[in-house]
Amino acid sequence: MVGKTIKKWWPIFVLPTLAAFIIGFLWPFIWGIYLSFCKFTTVKDVQFVGFTNYTKIFIDDTFTRAFWLTVLFAIISSVLINVLAFLIALILTKGFKGTNVFRTIFFMPNLIGGIVLGYIWQTLLNGLLSKWGQPLLQLSAVNGFWGMIILLLWQQIGYMMIIYIAGLNNVSPDLIEAAQIDGATPSQILFKIKLPMIMPSITICTFLTLTNGFKLFDQNLSLTGGDPGKKSQLLALNIYDTFYGRSGPQWKGIGQAKAVLFFIIVVAIALVQLRATTSKEVQQ
Amino acid sequence: MTARNKRNGIIATVVLSIVCIAWVYPIVLILINALKQESAISTAGVFDLPNAGTFAGFSNFVASVTQMDFLKSFWYSVVISVTSVVLIMLCCSMCAWYIVRVNGKLSKALYYLCIFSMVVPFQMVMFTLAKTADTLNLNNPYNICIIYLGFGAGLAVFMFTGFVKGIPIEIEEAALIDGCSPLQTFFRILVPILKPTIISTAILEVMWVWNDYLLPTLVLDIKKYRTIPMAVQYFRGSFGHVQMGPMMASIMIDIIPIIVLYLICQKYIIEGVTAGAVKG
């Protein structure tokens, strides 16, 4: 009966969100797919060219290189973040003194935006590198890559830790006690009980870290700016650079085609990852 | 057994304390440099503490506020965050109630589109979104909240539908039978029940809008309006000589309100993160 009564009220309840959603997401999305098949510099000189943009993506190797760098980056960063966040969560759920203070501090970097984070770490890491006589972040793609990993660890471990703590606190103490009485060792309790029981948390955390790693933009822009010579560009920055950093009438179309490809890659990874880890979840 | 536990506890506390000091060190480092004179800030010398000769007091903070027009940026960031998040909370909670209670094609389609929009990378829509905003005159800090409503709807609708599903429908039925209009039912019955969720979701959205860089850069006119992340990138990323002292000070001005806010509503922030993840 509630449904029937409010159904005709949709202009008040749904229309504002729907209209903004169409303006802010749906229309730009559909238009973006269309433009990926066009050559354009502004919206006024659009010329349909079919799949040409898609073949021209590989006209230089920046996209392929950015793709493999992003894959490597997303995998390394999510493995490190999840392992470290889980370890910290394990220690913090043991009920030692000062747990709340530690939790507060570990979570804090999450609130700082990517651009500002990038400059904080640029100051710190370049200081260290020049002390050690190593090339600075913007001069060495390897240093830039690991710099971004360190930055992302600092930013995201706290967030994932919170999720793991919530997961670990939900594991029933009875279950662990029963295992202890049956003579399970601490490592057996960890691997045979705690890990399977917090599989939902692992699913969501790997999902978040993988997609965050893949979509990373702000931190990349401010920490290395893609230097040296675009060698530390991740995919999102490569697309942005194709759009706004290059002159020539063909680049906007190619950039849009890259963006569509990027979107397909992100959705595919999200689906594969969700299927792979949800299948390991146990029912309580 | 207990003695061993106690020892382990002490070891864990010591190790974690050291890690925590390392954790806040990057921010402390920026603060140290914000208090130094311009000439004393060099790439390798960032670790030196300011001494009597190089201590600059708050002059860098003053310079950052006056030269970089930082107060204006601060104002734009506040306006955009507040209007966007208030709008998102109001519209999306209403929309979520409708989606849950009305079984129809519109509800279903909107729900799945919202989930879909959360996965799509921003680069996919950045160019067309900026053009749409220009055409509709949404390219200033006072109207950009419409764009944020559209782009932030995914997360908010998703969170709210998750919670509305758990509210017993009988309460709403009783209110409607007693003569409440749907709007009264929503504001008098649902909003109070949803209050904790609204706070959690609002915090997640504020964190996003306040720190967002690319969307306002592409939508707003960078010569007229700069939010804080835009201002930081504009001054640091522009060519020529960068004044490092005011730069460090402006980073601190950006971080300090966030940290203060965090320490005040820590409980809600952590609940929001957990709720968002569990529902997700």
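Let's start with one helix pair: helix 7 of chain A and helix 8 of chain A cross in a right-handed way. Helices here are DSSP runs of H or I, at least four residues, numbered from the N terminus.

A word on the source. This is a predicted model, where local features need pLDDT of at least 70, side-chain atom pairs count only at pLDDT 80 or more, and totals for chains, interfaces and linings use all residues. Residues are numbered from 1 along each chain as its sequence is written, and chains are lettered from A in the order in which they are written.

Back to the pair. Helix 7 spans residues 114-131 of chain A, and helix 8 spans residues 141-170. They pack at about 125 degrees, axes 10 Å apart. Axes are lines fitted to C-alpha atoms over the stretch in contact, and angles run from 0 to 180 degrees between N-to-C directions. So helix 7 of chain A is oblique to helix 8 of chain A. Oblique is what remains after under 35 degrees (roughly parallel), over 145 (roughly antiparallel) and 65 to 115 (roughly perpendicular).

Who touches? Helix 7 of chain A brings Leu117(A), Gly118(A), Trp121(A), Leu125(A) and Leu129(A). Helix 8 of chain A brings Asn143(A), Gly147(A), Ile150(A), Leu151(A) and Gln155(A). Contact means C-beta atoms, placed from the backbone, within 7 Å.

Now the chains. Their contact takes 74 residues from chain B and 74 residues from chain A. On chain B's side, helix 1 (residues 2-34) gives the most, twelve residues.

Key: Helix = DSSP H or I, 4+ residues; strand = E, 2+ residues; numbered from the N terminus. Left-handed = near helix turned anticlockwise from the far one by under 90°. Contact = placed C-beta atoms within 7 Å.
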